[in-house]
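This report walks through the sheets, the helix packing and the salt bridges in turn. Please keep the sequence and the structure in view while reading.

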Amino acid sequence: MPHENASNAGQSAAIIVVENMVKRFGSFTALNNINLEVGRGEKIVLCGPSGSGKSTLIRCINHIEKHDGGRIVVDGVELTNRVADINGVRCEVGMVFQNFNLFPHLTVAENCMLAPMKVRGISHSEARDRALGLLNKVRIQDQADKYPAQLSGGQQQRVAIARALCMQPKIMLFDEPTSALDPEMVKEVLETMVDLAREGMTMVCVTHEMGFARQVADRVIFMDRGSIVEEAAPEPFFRAPRTERARSFLNQIIH
């Protein structure tokens with residue numbers, strides 16, 4: 001069972017609701033009958049083998065991918081084809097990808113300032129103050145006036161997190177944020193994510209970093225072949241997974 005606070009949050013104050021959601025790519029069904037609720041402040045880790053639909057699921061939550069059936073409701077707004085609704089939801093949902101997607105011609109600070117100025121309409125000075133504050137939060141304020149190519153991969157990913165936070169989102173989605181990093185850079189990005197979790201941010205993370213899942217998650221969702229196979233709080237999931245598929249997966253990635 002989920003942690004008590006997570007369960008209560010999911011029932012009474014769900015900020016993400018996915019009901020009977022289907023996503024197809026041509027004749028291939030990538031997600032089949034997905035049902036998931038995420039409470040405000042809850043931390044969810046999605047895990048499973050490659051191709052199980054984890055990244056597609058969070059991309060549908062941000063409407064980067066359009067779902068083909070069922071419903072997705074984010075902070076009370078159902079995602080349909082209405083552009084205003086989609087844009088409104090995207091303002092409240094920050095996303096961090098495997099590859100950092102920073103603009104190479106902008107400085108670190110400018111990367112962080114762009115969306116708040118363009119979308120939120122805040123002033124240049126307010127945007128810079130916010131950017132510097134969040135770069136300090138992720139411990140790279142001294143890199144503010146450098147360009148992305150001058151930074152390590154771990155530093156670039158922390159810029160990407162700060163950039164998403166500059167929009168003051170209600171939800172953060174992470175799509176394997178450490179998978180493109182050298183091993184020595186993984187720790188600094190995970191530490192930033194742990195800090196964010198401790199502050200109460202609602203987070204949905206696709207990751208194979210099981211130590212992070214044990215430390216941070218309220219629930220672990222195990223997916224395979226486009227379906228949710230198992231979900232539980234971290235301790236029972238890692239100690240005694242209920243399904244053979246989850247046991248096999250954990251045996252392969254935990255040494």
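The model is a predicted one, in which local features need pLDDT of at least 70 and side-chain atom pairs count only at pLDDT 80 or more, while totals for chains, interfaces and linings use all residues. Residues are numbered from 1 along each chain as its sequence is written, and side-chain values use heavy atoms, with hydrogens and water left out.

As a general point, strands of a sheet pair through backbone hydrogen bonds, either parallel or antiparallel.

At one end of the order, strand β1 (residues 14-25) pairs with β2 in the antiparallel sense over 8 bridges, and R24 has T29 in β2 as its bridge partner. The hairpin of these two strands, β1 and β2, has 2 residues between the strands, and there G26 takes a positive phi near 65°. At the other end, strand β4 (residues 69-74) and β5 are joined in the antiparallel sense by 2 bridges, with E78 in β5 as the bridge partner of V73.

**The sheet of six strands**

A further open sheet is formed by 6 strands in the order β6-β7-β8-β3-β9-β10, and here the pairing is mixed. Its edge strands are β6 (93-96) and β10 (227-232), each of which pairs on one side only. Taking axes as lines fitted to C-alpha atoms (for helices over the stretch in contact) and angles as running from 0 to 180 degrees between N-to-C directions, neighbouring strands of this sheet are turned by 20° against each other on average, direction ignored. Strand β9 (residues 219-224) pairs with β10 in the antiparallel sense over 5 bridges, and M223 stands opposite I228 in β10.

Helix α3 (residues 83-92) lies across β6 and β7 (171-175) and runs at about 65° to β6. Helix α7 packs on the sheet as well, touching β3 (43-47), β7 and β8 (202-206), and its direction makes about 150° with that of β8.

**Helices around α6**

Which helices pack against α6, and at what angles? The table sets out the answer.

| Helix pair | Axes | Angle |
|---|---|---|
| α4 (residues 108-120) and α6 | 8 Å apart | about 25° |
| α5 (residues 124-137) and α6 (residues 153-165) | within 9 Å | roughly 135° |
| α6 and α7 | within 8 Å | roughly 20° |

Angles under 35 degrees count as roughly parallel, over 145 as roughly antiparallel, 65 to 115 as roughly perpendicular and the rest as oblique. The axes of α5 and α6 cross at roughly 135°, which makes α5 oblique to α6. The α5 crossing past α6 is right-handed, a word used when the near helix is turned clockwise from the far one by less than a right angle, anticlockwise being left-handed. In this contact L134, L135 and K137 of α5 meet V159, A162 and L165 of α6.

The axes of α6 and α7 cross at roughly 20°, so α6 is roughly parallel to α7, and their crossing is right-handed. The residues of α6 that meet α7 include G153, G154 and I161, and among their counterparts in α7 are M185, V189 and L196.

The contact is made by V108, N111 and C112 of α4 and V159, A162 and R163 of α6.

**Salt bridges**

A salt bridge is a side-chain nitrogen of Lys or Arg within 4 Å of a carboxyl oxygen of Asp or Glu, and the structure holds 21 of them. One of these joins D85 to R82, whose closest N and O atoms are 2.8 Å apart. Another joins R198 to D195, with the closest N and O atoms 3.9 Å apart. Because R198 and D195 are 3 residues apart in helix α7 (residues 183-198), they are separated by about one helical turn.

Definitions and conventions
Pairing = 2+ DSSP bridges. Helix = DSSP H or I, 4+ residues; strand = E, 2+ residues; numbered from the N terminus. Contact = heavy atoms within 4.5 Å.
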